[in-house]
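Hi,

Here is the structure I promised to pass on. Have a look, and my notes on the ligand and the open space follow below.

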Amino acid sequence: MPDVAAIAGALDRAVLERTPLPAPFTDAEPDLGTETAYLVQDLLVAKRLERGARVVGAKLGLTSRAKQERMNVDQPLYGWLTSDMVLQANEPVVLDRFLHVRAEPEIGFLIGRPIAAPATAATVLAATDAVFGAIELIDSRYDAFKFRHPDVIADNASSAGLVLGGVLKSPRDVVDLKLMGCVLRHDGKVVATAAGSAVLGHPAESVAWLVNQLAARGRTLEPGAIVLSGALTDAVPLAAGQTVVAEFDGLGAVEIHC
Ligand code: OOG
Ligand code: MG
């Protein structure tokens, strides 16, 4: 039987000491399953809350084929975003606060009203006050980002940071999100392009999946929550002096500097 508290403690220490764990837990604990992993995640997030952070929303992960293929995991997952992860626009990404941080472009949702389960893309859009472009910073607590699905759930879906774009628009005032274009530049060079449909066919579908997963565990999204719907492209590893810009159709550009 996996020791939920011990796993959460080891993941939290990896964050605080900026030292990756040498191996994923499933190497030694092949019976670490999805439900147990979400229990670990809850304990891990609770440690951030004990240190004064608050939950600002949730994120989806591994919702695009680009990400699933890269990470060798074939199912989505979710995690929680906390206030201590939010970077202000223009705030530099201080690399030694992280282990081996990567940046990825995402379409964000500002949830305005409760969403009942079973949710659909349509009910998500009806409850959404605004959408925005974002860059998520992911930082696996496992060496070389090597994990299986339960390990990365336990690690709060590699959550580490987020930069929110400054243009918020009602979903009615932007192009259909499945067609929303995104261009990712790394030091000025285009490294990936994608449309919103890269994320489970439609980014709102991804948020609906989250709502339904949460409902199965007796949880909900609070009005005011932000949701990152999952990376549209593969993530970019960051090094000192580098810049990443994610540009979205109608939602402007989000930029980070290291
Ligand atoms: C897991 C987190 C994936 C996304 O948007 O797909 C994620 C990882 O790649 O380490 O945040
Ligand atoms: Mg992500």
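The shell around ligand 1 is made up of nine nonpolar, three polar and five charged residues. Bear in mind that this is a predicted model. Lys59, Leu62, Glu104, Ser158 and Ala231 come nearest, out of 17 residues around the ligand.

Where does ligand 1 sit? It is in the largest cavity. The elements giving two or more residues to its shell are β1 (55-61), α4 (65-71), β4 (102-111), β5 (128-138) and β9 (226-231). Of the shell, β1 provides the largest share, with three residues.

On to the polar contacts. A polar side-chain atom of Ser158 is 2.6 Å from an oxygen atom of ligand 1. Glu106 brings an N or O atom of its side chain to 3.0 Å from a ligand oxygen. As for cover, ligand 1 taken alone exposes 320 Å², and the protein buries 100% of that.

Then there is the largest pocket, which holds about 350 Å³ of space. Its lining counts 16 residues, with Val15, Arg48, Asp84, Arg97 and Ala160 nearest the centre. By class, that lining divides into eight nonpolar and eight charged residues, with no polar ones. Both α1 (4-17) and β3 (86-87) supply at least two residues of the pocket lining.

Over to you!

Conventions: Residues are numbered from 1 along each chain as its sequence is written. Chains are lettered from A and ligands numbered from 1 in the order in which they are written. This is a predicted model: local features need pLDDT of at least 70, side-chain atom pairs count only at pLDDT 80 or more; totals for chains, interfaces and linings use all residues. Side-chain values use heavy atoms; hydrogens and water are left out. On a 1 Å grid over the protein atoms alone, a cavity is a set of points where a 1.4 Å probe fits but cannot get out, and a pocket is an open set with protein on both sides within 12 Å along at least five of seven lines; lining residues have an atom within 4 Å of a point. Grid points are joined across faces, edges and corners, and a volume is the space filled by probe spheres set on the points. Helices (H or I, at least four residues) and strands (E, at least two) are DSSP runs, numbered from the N terminus. Ala, Val, Leu, Ile, Met, Phe, Trp, Tyr, Cys and Pro count as nonpolar, Asp, Glu, Lys and Arg as charged, and the others, Gly among them, as polar. A residue is near a molecule or strand if one of its heavy atoms lies within 4 Å of it. A polar contact is a pair of N or O atoms within 3.5 Å; within protein, one must be able to donate a hydrogen and the other to accept it, and residues adjacent in sequence count only if both atoms are side-chain atoms. Accessible areas come from the Shrake-Rupley method with a 1.4 Å probe; for residues, only the protein chains shown count as cover. A molecule sits in a cavity or pocket if more than half of its atoms lie within 2 Å of its grid points.
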